[in-house]
Amino acid sequence: MSEIVRDHILELFGKGFRLDGRKFDEYRNLSVEYGVSSKSAEGSARIKIGKTEVVAGVKLELGEPYPDTPDQGSIMVNMELLPLSSPDFESGPPSIDSIEISRVVDRAIREGKALNFKKLCIRPGEKMWIVIIDIYPINDDGNLFDAASLAALAALKDAKFPKVENDKITYKEQGKEKLPLETLPLSCTVCKIGNHFVIDPGVEEETLIDARLTIGVLENGELCSLQKGGDTGLTPEEIDTMIELAIKKTKELRKVL
Amino acid sequence: MAYDKRLDGRKFDELRPVEAKVGVVPRAVGSAMFKIGKTIAVAAVHGPRELYPAAFQNPTSGVLRCNYNMMAFSGSGDRVRPGPNRRSKEISMVMEKALMPVVDLSAYPGSVVDVFVELIQTDAGTRCAGICAAAMALAHAGIPMKDLVSSVAVGRVGGKIVLDLSKEEEDYEGHATDIATAFSIRTGQVTLLQMDGPLTREELKKALELAKKGCEDIKKIQTAALKIKYGDSK
């Protein structure tokens with residue numbers, strides 16, 4: 001980004017404004033569309049945050065439970081930063097940025113116990129469901145962390161078990177039974193830019209982030225996951241302020257899904 | 001059993017419902033969505049930009065580079081393993097060949113024009129939908145072109161020549177013949193031709209005529225979508 005744009009953004013911040021006129025704690029327009037790939041995926045959804053657009057799809061596979069959790073199913077989250085969605089992304093093996101988002105989304109769903117993992121087990125020690133969530137940005141206009149997490153949860157909400165015959169999935173007809181989704185652990189990423197706490201950064205703002213904290217929040221306001229990023233440290237007081245903001249904002253996000 | 005009526009009730013020369021839109025990826029220079037039946041393709045153009053490694057550069061012209069990818073959840077059946085495979089690499093290559101005859105990159109030596117095509121949902125005809133979306137995205141990006149490229153599958157199902165096969169038809173009695181075609185309507189050239197299965201010389205002639213008619217209809221929809229974006233000059 002050019003220096004003049006950077007200086008302009010920082011100068012505006014000092015006056016209490018953002019580039020697009022939003023408040024520091026304001027999301028862009030949020031929308032969700034379910035079933036964007038309903039013919040092929042067991043569940044799918046599209047999330048738009050302003051001009052940022054992310055799609056997610058859920059596929060189910062049958063597998064053998066892991067020896068340490070013989071009575072539970074499992075999940076897998078995969079995010080690919082498509083070069084289609086931004087001139088800054090390149091083809092090739094998963095970048096560290098895509099791995100981080102995948103893992104942060106995975107952690108919130110897993111540790112927030114969004115799914116009842118015991119209900120994903122078919123026969124203990126023998127057969128379980130593996131829920132695979134694939135997330136793809138269509139347009140990266142900033143804040144892929146929150147968009148990816150919302151898209152993954154929306155796709156889970158949309159998902160239904162496929163039909164099974166003789167321990168094999170049959171795709172001849174679509175199933176009706178929903179996945180055992182018990183709660184929605186929503187993530188909100190709070191960014192520190194200079195002395196300001198900012199949410200839902202645009203692409204220009206993202207290049208200025210000093211530190212960020214992605215906070216997973218449960219329905220009861222309890223936290224279920226944290227991930228700090230960025231090159232500077234945060235004081236415990238700052239962390240507390242960021243968490244307070246995330247709890248407030250995830251209440252708004254809950255109305256979207 | 002004679003194939004008197006198509007599985008989805010269409011006429012033999014009828015396309016599935018088509019939708020097209022440009023500008024779906026604001027961060028790209030040009031972009032388009034093309035939907036035919038349940039197959040949904042999104043294409044985005046990045047560039048012209050410098051091509052690295054430099055050994056791949058062409059000092060006299062830009063290079064067109066296509067990349068076809070199915071999203072992991074977009075297949076009918078099991079999850080598709082992410083990442084390139086032999087099929088997607090071949091399709092990327094034939095897409096380049098299908099588009100090159102109409103694209104003029106002589107103004108961009110040493111550069112690459114990247115076209116990324118993602119399939120969100122598939123139900124047969126994905127490379128054709130991808131080419132339709134890619135051609136619109138290139139036009140939207142303002143890349144010099146002689147014409148759009150329009151693309152559709154034709155084939156033989158149960159002895160009948162049909163336009164725009166669905167997945168069900170591809171699998172009909174285990175032996176349908178599937179031909180992927182693309183046309184530059186203005187120059188009358190075929191820029192993509194791939195066939196799986198048996199067919200007589202006469203049937204191919206008939207099939208190509210049918211494909212051309214289908215592509216003419218598709219071109220109208222592609223053009224209309226571009227005009228919505230840029231406004232009709234009339």
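Q: What makes two residues count as being in contact?
A: Their C-beta atoms, placed from the backbone, must lie within 7 Å. The model is predicted. By that cut-off, the contact between the chains takes 29 residues from chain A and 23 residues from chain B. In chain A, β3 (52-63) and β6 (127-139) each supply at least two residues of the side that touches chain B.

Q: How many residues of each class has the side of chain A that touches chain B?
A: That side has 12 nonpolar, 9 polar and 8 charged residues.

Q: Which residues touch the most other members of the largest nonpolar core?
A: They are A:A151, A:A152, B:A133 and B:A134, in a core of 141 residues. Leaving aside neighbours within four places in sequence, the contacts of A:A151 include A:A45, A:I47 and A:I135. A:V54, A:V55 and A:A56 also touch A:A151.

Q: Why is B:T39 called buried?
A: A residue is buried if 20 or more other C-beta atoms lie within 10 Å of its own. B:T39 has 26, so B:T39 is buried. This residue is found in strand β3 (residues 39-50) of chain B. Beyond four places in sequence, B:T39 touches B:Q121, B:T122, B:D123, B:A124, B:G125, B:T126 and B:A129.

Q: What makes β1 and β4 (63-70) of chain B edge strands?
A: The open sheet in chain B has 5 strands, in the order β1-β2-β3-β5-β4, with mixed pairing. β1 and β4 each have a single partner strand, so one side of each is left without a neighbour in the sheet. The twist averages 15° from one strand to the next.

Q: How do you know that β4(B) pairs with strand β5 (residues 111-121) of chain B?
A: Pairing needs at least two bridges. 8 bridges join these strands, so β4(B) and β5(B) pair. They run parallel. B:V63 has B:V112 of β5(B) as its bridge partner. Helix α1 (residues 86-99) of chain B lies across β4 and β5, at about 140° to β4(B). α2(B) also packs on the sheet, at about 150° to β2(B).

Q: How do you know that the span of helix α4 (residues 201-230) of chain B agrees with its length in residues?
A: At 1.5 Å a residue, its 30 residues should span 44 Å. The end C-alpha atoms are 43 Å apart, which agrees. Among its buried residues are B:A207, B:L210, B:A211 and B:G214. Their cover includes β1 (18-22), α2 (126-140) and β8 (177-184) of chain B. Just after α4(B), B:G231 takes a positive phi of about 85°.

Conventions: Residues are numbered from 1 along each chain as its sequence is written. Chains are lettered from A and ligands numbered from 1 in the order in which they are written. This is a predicted model: local features need pLDDT of at least 70, side-chain atom pairs count only at pLDDT 80 or more; totals for chains, interfaces and linings use all residues. Helices (H or I, at least four residues) and strands (E, at least two) are DSSP runs, numbered from the N terminus. Ala, Val, Leu, Ile, Met, Phe, Trp, Tyr, Cys and Pro count as nonpolar, Asp, Glu, Lys and Arg as charged, and the others, Gly among them, as polar. A nonpolar core is a set of buried Ala, Val, Leu, Ile, Met, Phe, Trp, Tyr and Cys residues joined through C-beta atoms within 7 Å. A residue is buried if 20 or more other C-beta atoms lie within 10 Å of its own, exposed if 12 or fewer, and partly exposed in between; C-beta atoms are placed from the backbone. The expected span of a helix is 1.5 Å times one less than its number of residues. Axes are lines fitted to C-alpha atoms, for helices over the stretch in contact, and angles run from 0 to 180 degrees between N-to-C directions.
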